[in-house]
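The following note is intended for a colleague who is meeting this structure for the first time. It takes up several features of the side chains in numbered points.

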Amino acid sequence: MVKVAGVIKGKCPNCKKGDIFETKGNIFLLQMPKMHKRCSVCNLKYEKETGFFFGAMFVSYALAVAEMVASLVIFWSFMDMAPLQVFMIVAFMAILTSTFNFRISRAIWIYLFN
């Protein structure tokens, strides 16, 4: 349970105190989240090797698919909307959650390999 809270809060997997990200990013301002290179508390290096976060893309993809399927089921099945309306909502949700998925997928990936 502590690891799940650490991933959601974006805390260091080693000490659970330092922040992984400098900024959270903002999709409306077209800003991606920025990561610290090392933990400010315990000095853990987050990127173990070049290309370390390549695998986080697959985690992000899985999160995005789950969110899109959930949106599809909610708006098409329960609200009985037209397919084009549902498509627009699903596309909007994918864009809206992109910075969140970026942060969470990288945090999950760091926690998996620490």
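**Notes on the predicted model**

1. F87 counts as exposed, at 54% relative accessibility. The residue belongs to helix α3, which covers residues 83–96. The model discussed here and in every point below is a predicted one. Along the chain, F87 and L72 are 15 residues apart, and their C-alpha atoms are separated by 7.8 Å.

2. S71 has its place in helix α2. With a relative accessible area of 5%, S71 is buried, because the limit for that class is under 20%. Which residues does S71 touch, if those up to four places away in sequence are not counted? The contacts are with W76, V90 and M93.

3. The largest nonpolar core deserves attention next. This core has 18 residues, and those with the most contacts inside it are I20, M35, Y46, F53 and I110. Helices α2 and α4 (98–112) each supply at least two residues of the core. Helix α4 gives the most to it, with five residues. As general background, nonpolar side chains in soluble globular proteins tend to be buried together.

4. The aromatic rings form five pairs by the rule applied. In one of them, F52 and F53 have ring centres 5.0 Å apart and planes at 75°, so this pair is edge-to-face. Both partners are buried: F52 has a relative accessible area of 10%, and F53 has one of 8%. Ring pairs also link F52 and F53 with W109 and F113 into a cluster.

5. Is F58 buried or exposed? F58 is exposed, with a relative accessible area of 52%, because the cut-off for that class is over 50%.

6. How many disulfides does the model contain? The count comes to zero. A disulfide is a covalent bond between the sulfur atoms of two cysteines. The sulfur of C15 has its closest cysteine sulfur in C39, 3.6 Å away, which is too far for a bond because the cut-off is within 2.5 Å. C39, for its part, is in no disulfide, and its nearest cysteine sulfur is that of C15. C39 is buried, with a relative accessible area of 3%.

7. The count of salt bridges comes to one. The side chains of D19 and K11 meet in a salt bridge, with a distance of 2.6 Å from N to O. Where do the two partners stand in accessibility? D19 is partly exposed, with a relative accessible area of 33%, and K11 counts as partly exposed at 22%.

Conventions
Residues are numbered from 1 along each chain as its sequence is written. This is a predicted model: local features need pLDDT of at least 70, side-chain atom pairs count only at pLDDT 80 or more; totals for chains, interfaces and linings use all residues. Side-chain values use heavy atoms; hydrogens and water are left out. Buried means under 20% relative accessible area, exposed over 50%, partly exposed in between (1.4 Å probe, protein chains only). Rings of Phe, Tyr and Trp (its six-membered ring) pair if their centres lie within 6.5 Å; planes under 30 degrees apart count as stacked, over 60 as edge-to-face and the rest as tilted. A nonpolar core is a set of buried Ala, Val, Leu, Ile, Met, Phe, Trp, Tyr and Cys residues joined through side-chain atoms within 4.5 Å. Helices (H or I, at least four residues) and strands (E, at least two) are DSSP runs, numbered from the N terminus. Contact means heavy atoms within 4.5 Å. A salt bridge is a side-chain nitrogen of Lys or Arg within 4 Å of a carboxyl oxygen of Asp or Glu.
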